[in-house]
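Subject: Structure handover

Dear colleague,

Please find the structure below. My notes on the sheet, a surface patch and some salt bridges follow it.

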Amino acid sequence: MLRPSDHTEPASASSPSAKAMAEVLLSTELLEALPDAVVAVDRDGTIVQVNSQAQELFGYVRDQLIGQKVEMLVPESYRRQHHQHREVFAQTAKTRRMGAELDLYGRRRNGSEFPVEISLSPVSTENGTLVLSAIRDISDRKRIAEELRRANEELQRRTTEQLGEYRSRLASIIDSSEDAILSKDLNGTITSWNRGAERIYGYSPEEAVGKHISLLTPGDRPGEIPEILQKIARGESTEHYESVRVTKDGRQLSVSISVSPLRTAAGEIVGASVIARDITAQKRTESQLRQSQKMEAIGRLAGGVAHDFNNILGIINACSEFLRDRIDPASEPSVYVENIKKAIERGRSLTKQMMAFSRTSAVQPRILDLNERLREISKLLRPLLGDDIEILIVPRSATAVVEIDPGQLDQIVVNLAVNARDAMPRGGKFILETGAVDFDDSFAAQQFAVVGGGVLNSPTTEGTGDHRVKPESESPAKTSGDARGGGGEGRDSRGKYMLLAVSDTGSGMDEATVSRIFEPFFTTKEAGKGTGLGLATVYGIVKQSGGHILVYSEPGHGTTFKIYLPSAEHKIGLASRPEAETVRAKRQGETILLVEDDEIMRSLTRKLLEENGYTVVEADDGKSALEWVESHPEPIDLLLTDVVMRRMSGPELVERLAASHPNLKVVYMSGYTGELMANRDVLKAGVTLLEKPFSRTALLNTIHATMG
């Protein structure tokens, strides 16, 4: 930058020193030595001197510049503004930058414009004050500054993106957690809410955020939240604090809670993060373990009492025998002796039950006929069930011979009768049915397939309550001891079985209840009114006897337990020769509309039918079947439909089709027994009902017989 003087005002032109200085400043030698382009102009803006750097910068030769107005080096859009700046500078001339904080541009001979930085210096001469303009091309500086700006913006953008990605990943991790993760401010207002919290508590983020955290606390814990908030304000954390929280639908959950203060970058506490884990199942398991240990202790006590009581009964029995031998049978005292003997028998029965409860009695299986035994048991059921419940015994075969401990069989029936009584507070029917069935491959496969809306498989592991269904591809032989009620490891389920079906016309159960009924200590009764061991005991007895137990129930449609015990007819020579499966000619071209709401059951049934030449159309409920019939004119030879289904039942479907297909042949399928269906007026008399689970032979014979 050219600085002729530190004085604000230029020296007087008449001063010899000023004249000498002006000559020096305007000399060619000095101007050429300067690195910047220099243009000297008079008060009117006429160029009077330039150096070679100015010529090169603007693209003119010296003769083209001298005598011209300086505005020729200024872009047209800036010339008027430049003229005004020049007038202002002339009034208060001093060395300074031109247009500080302004973007200045020069104009080359070829018309191109470029950014410049200009420093102005007044020089006094004999002819007046001249202004030396030191002009510097700052294009490179501008370019570098722009590149730096863009680089900084890119860095900020990438930093923002990376921060956003980090926050997104963090949010994804938090959202995918099974635990409830939320935050709240120091007043207890919820500020964030993850999916785990929604799953556990039932509230959506929209419902929870902005509400007070006391939304989740039960009414009997009013001081808990204020205490936690005080600890947060003090900067204290809470780790694995066990408490109780309330869900949206009113359920109470046991939870383990960890609370940590949330701080700003400056360290100020602004709220807290909360991680809550649902430990309800864990607490239930611990409770069941304690209950199991208590029951085991009671069992040992009961076994000891029964043992000692049996000794006392033995003494009394011996004494009664001695008395009976020493008195006249026709005398009055003999009646008392007989009463003593009856009391002894009752005592024996009582001790037998006590020892069975304590599992100290040996199982004594015997060959017996279910039909005869049920007739005997029914006498005991009358006072148990009451007068408002009708007891029906329906034998479907002349004999039903099995090998089982009679006391255990009685316990099965009594336990199921107690459950049935509780399900029919206003009375109803308790139905006991027997029959013979053959387990073939398709029958065994159905035991895995029919679940949920139909037959439920019993637990895979004793006492665990695990109701997972085995894959269809697994062979029955490999899995016969687990999911189908348990007949011992490695037992092949195929063969002849005797069916004991126990049904009631009570309130039924939903799917959630059915999925847990064989769990020990699970009960739907009020606290103190049920041990939850009844059905677990039934399952254990059936498994111990090599059998299988299935259950079919829906709300409002009663319940059916189907117990399959291995036939023992061959052990007493009563077993009739099994009928050989009749191989009928395949029925080509006949169409069956199959309506079944269980996907796996529907698939298995379709496969059986297609293998025998039938064309099968599938529908997953009555409404879907009706829609298909209405949109397809193809003839239907037979309707094979489940009875109880969502949206539209089987009987309702048949009624809707009656007008358009008056001669349609119908076969119903159901997990309920025919007797139960008839008593509940679900099906009209005379209809064809195929009871689940059915064998291939039963399915095909029923369809053949119906179609004629």
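In which sense do S9 and strand S10 pair, and over how many bridges? S9 and strand S10 (residues 252-263) pair in the antiparallel sense, over 7 bridges. Two strands count as paired if DSSP finds at least two bridges between them; strands (E, at least two residues) and helices (H or I, at least four) are DSSP runs numbered from the N terminus.

This is a predicted model: local features need pLDDT of at least 70 and side-chain atom pairs count only at pLDDT 80 or more, while totals for chains, interfaces and linings use all residues. Residues are numbered from 1 along each chain as its sequence is written, and side-chain values use heavy atoms, with hydrogens and water left out.

Sheet

The open sheet has 5 strands in the order S8-S7-S11-S10-S9, with antiparallel pairing. Strand S8 (190-193) and strand S9 (238-246) are at the edges with a single partner strand each, so one side of each has no neighbour in the sheet. On average, neighbouring strands of this sheet are turned by 30 degrees against each other, direction ignored. Valine 246 stands opposite glutamine 252 in S10.

Helix H9 (residues 224-233) lies across strand S7 (180-185), S9, S10 and strand S11 (269-278), and runs at about 155 degrees to S9. Contact means heavy atoms within 4.5 Å; axes are lines fitted to C-alpha atoms, for helices over the stretch in contact, and angles run from 0 to 180 degrees between N-to-C directions.

Salt bridges

The count is 29 salt bridges, each being a side-chain nitrogen of Lys or Arg within 4 Å of a carboxyl oxygen of Asp or Glu. One of them joins arginine 251 to aspartate 249 (3.1 Å, N to O). Arginine 251 is partly exposed at 42% relative accessibility, and aspartate 249 is exposed at 55%. Buried means under 20% relative accessible area, exposed over 50%, and partly exposed in between (1.4 Å probe, protein chains only).

Aspartate 140 and arginine 143 also meet in a salt bridge (3.8 Å, N to O). These two are 3 residues apart in helix H6 (residues 139-176), about one helical turn.

Aspartate 422 and arginine 421 form another (3.5 Å, N to O). Salt bridges with shared partners join Glu146, Arg149, Arg150 and Glu153 into one network.

Regards
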